[in-house]
Amino acid sequence: MNTFQKNESKETLFSPVSIEEVPRRPPSPPKKPSTKICGSNYPLSIAFIVVNEFCERFSYYGMKAVLTLYFLYFLHWNEDTSTSIYHAFSSLCYFTPILGAAIADSWLGKFKVLSLVGLSLIALGTGGIKPCVAAFGGDQFEETHAEERSRYFSVFYLAINAGSLISTFITPMLRGDVQCFGEDCYALAFGVPGLLMVIALVVFAMGSKMYNKPPPEGNIVAQVLKCIWFALSNRFKNRSGDIPKRQHWLDWAAEKYPKQLIMDVKALTRILFLYIPLPMFWALLDQQGSRWTLQATRMNRNLGFFVLQPDQMQVLNPLLVLIFIPLFDLVIYRLVSKCGIQFSSLRKMAVGMILACLAFAVAAAVEIKINEMAPAQPGSQEVFLQVLNLADDEMKVTMLGNENNSLLIESIKSFQKTPHYSKLYLKTKSQDFHFHLKYHNLSVYTEHSVQEQNWYSLFIRKDGNSISSMMVKDTESKTTNGMTAVRFVNTLHKDVNISLSTDISLSVGEDYGVSAYRIVQRGEYPAVHCRTEDENFSLNLGLLEFGAAYLFVITNSTNQGLQAWKIEDIPANKMSIAWQLPQYALVTAAEVMFSVTGLEFSYSQAPSSMKSVLQAAWLLTVAVGNIIVLVVAQFSGLVQWAEFILFSCLLLVVCLLFSIMGYNYVPVKTEDMQDPADKQIPHIQGNMINLETKKTKL
């Protein structure tokens, strides 16, 4: 008998609802025993998946490691634009898994998406790979081997970071230590990761016959969205106080959808609710490849036994992950357990957030110290000026008609560099300066124009029996982005061709010609080959350090012959890159506690039909985190250390919210999840009708 009997009164208007059948999947063939690894409970197919992930991650992280510097040095974008595009790309990589998960669960299955879509189309490849590979590895285990499956995620994460470790170390070397057409070899740096993608495809395909390939179970994403929409709309239509309330808002979908699907969606939404605060963690973690790499360019990368490229510092993260995962699993977590502390997955993730906050606080402290060591920057209506005397005797330079004349009243000896740039104040954005030059009994008045917020060098030279001056604009800003820059002034009466390396050469015009700045590798330059139209000679440039800009004046001394007078326009980076080690250690510990735990938590708590969907949702939080960085980089307008503090404080607030949400979350146990086969049980008993009424008489 139906629960509700239709009244003959015309005032009762019940509307029958069509029953939406969940597509029945064909019965699965009986499982054949899978081959194990060395007699353990680990399927042999896992080896192919892990090796595939190693190669794929080598490709991804290798390309990503040099991406920020490619934007900065090769495309000549500024730091904010480089950061924004880097995180826009990262966000897209972690947004496309939603598409990949939908295709995997509803159409091709995880195996085909991995091999055909993910590895064939690089643009969408990461969207096909990311949501499937972790869950596909979990599918290889039987339910009786839950403990091995849990440890698999640690092994899986080790493979990720092993690939990241090697590629992050090697790819910057391919970029910086190999020259292509006189510049860093980005073609090779991007080409090797591309080759590893081909190897990943081959390795993955080799294990095809060993994989357990659960068939797709229909368009799960569409079913979930339809179920949620029907529950909300049905609840809205039946909001009358006369209608009995239901235990859960999703129970309002019971008239149309099976109980098992509703239970799965309930579990899914409970976990997705926990995911809301997670993007802020990724906003901090992913800045290792952008803001932290840019910070490394302003530091001294000479460690004594090894010289690092700025993007090579990222190698610390995967290296420490390989150390921290077994350390945490085998030592720290066990010690915490012996102390009687229940260290649940959500508690581990909350502690990971706190560690990330501390990492960015340390990064802010390092940034403040770098700024203290950096040269001052001219502000509005200000310029910095240095005077270089290239004559053969001392000279007195006085600025006329300006309150700044006291800065330049002392005599300047021949080839004596002023101890520092003098700050001059302008009345407008551009202004003419008048100088009085006194050399022996000669007096010369000269005029030069300058523009605000720039650095200038005033060269004084002997011109026959007289003296003259020329104003040269220095580098656009007092930073070389961690590179080493050089320029030359030629006092000879012949053009000079200078070969700085096999791929870098320049020509400097005669009679005080000034070259543009050229970027060179850091290192010793004891014998730089030079030639004029009638002779060859060598110049000793000495040690050229990171972050410095040098001016070399080529002179011909009667006593010493041809030589180069060396001036440091921009001081070299003084703070060692080793000071980044604490922040990398903290953020890596945070990643191990947050990401590895969250990966296993997402798989264990997900309904069996929605594991790829939930993995994609997990990756979507990474995409949103990168969008947060993009927005802050473009619109905050904060100095870098203040931006680091902002991210640290935001994550601390989010951690508090997540802790409250996690405290009220009740984890789903494996035995509480109904077997997927139960979905085929008829889900509608009798003629169910909806509760929408206009005039109701029961």
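Predicted model: local features only at pLDDT ≥ 70, side-chain atom pairs only at ≥ 80, totals over all residues.

Biologist: Is Ile 199 buried, partly exposed or exposed?

Modeller: The idea is to look at the relative accessible area, where under 20% means buried, over 50% means exposed, and values in between mean partly exposed. Ile 199 has a relative accessible area of 37%, and therefore it is partly exposed.

Biologist: Which residues make up the nonpolar surface patch that includes Ile 199?

Modeller: Together with Ile 199, the patch is made by Leu 195, Val 198, Val 202 and Met 206, and its area is about 470 Å².

Biologist: My next topic is the packing of helices. At what angle do helix H13 and helix H16 pack?

Modeller: In general, two packed helices are described by the angle between their axes and by the distance between those axes. Here helix H13 (residues 345–373) and helix H16 (residues 640–663) pack at an angle of about 170°, and their axes are 8 Å apart. Since angles over 145 degrees count as roughly antiparallel, H13 is roughly antiparallel to H16. The residues of this contact divide into 20 nonpolar, 5 polar and 1 charged.

Biologist: How many salt bridges does the structure hold?

Modeller: A salt bridge is counted when a side-chain nitrogen of Lys or Arg is within 4 Å of a carboxyl oxygen of Asp or Glu, and the structure holds 12 of them. One of them is formed by the side chains of Arg 291 and Asp 80, at 2.9 Å from N to O. Arg 291 lies in helix H11 (residues 291–297) and Asp 80 in helix H3 (residues 79–95), so this pair ties together parts that are 211 residues apart in sequence. Arg 291 counts as buried, at 2% relative accessibility, whereas Asp 80 is partly exposed, with a relative accessible area of 35%.

Biologist: Which residue forms a salt bridge with Glu 367?

Modeller: The partner of Glu 367 is Arg 298, and their closest N and O atoms are 2.5 Å apart. Because Glu 367 lies in helix H13 and Arg 298 in the loop between H11 and helix H12 (316–338), the pair ties together parts that are 69 residues apart in sequence. Glu 367 is buried at 2% relative accessibility, and Arg 298 is buried with a relative accessible area of 19%.

Biologist: Where do Glu 545 and Arg 522 lie?

Modeller: The side chains of Glu 545 and Arg 522 meet in a salt bridge of 3.3 Å, N to O. Glu 545 lies in the loop between S19 and strand S20 (549–557), and Arg 522 in the loop between strand S15 (518–520) and strand S16 (523–525), so the pair ties together parts that are 23 residues apart in sequence. Glu 545 counts as buried at 15% relative accessibility, while Arg 522 counts as partly exposed at 23%. Salt bridges may also share partners, and in this way Glu 79, Arg 298 and Glu 367 are joined into one network.

Biologist: How far apart in space are Leu 543 and Arg 522?

Modeller: Leu 543, which lies in strand S19 (residues 542–544), is 7.7 Å from Arg 522, C-alpha to C-alpha, with 21 residues of separation in sequence.

Methods. Residues numbered from 1 in each chain as written. Heavy atoms only, no water. Axes fitted to C-alpha atoms, helices over the stretch in contact; angles between N-to-C directions. Helix = DSSP H or I, 4+ residues; strand = E, 2+ residues; numbered from the N terminus. Parallel < 35°, antiparallel > 145°, perpendicular 65-115°, else oblique. Nonpolar A, V, L, I, M, F, W, Y, C, P; charged D, E, K, R; others polar. Patch = residues over 30% accessible without salt bridge, like charges linked within 9 Å, V, L, I, M, F, W, Y side chains within 5 Å. Areas by Shrake-Rupley, 256 points an atom, 1.4 Å probe, with all protein chains shown as cover. Buried < 20%, exposed > 50% of the residue type's maximum accessible area, 1.4 Å probe, protein only.
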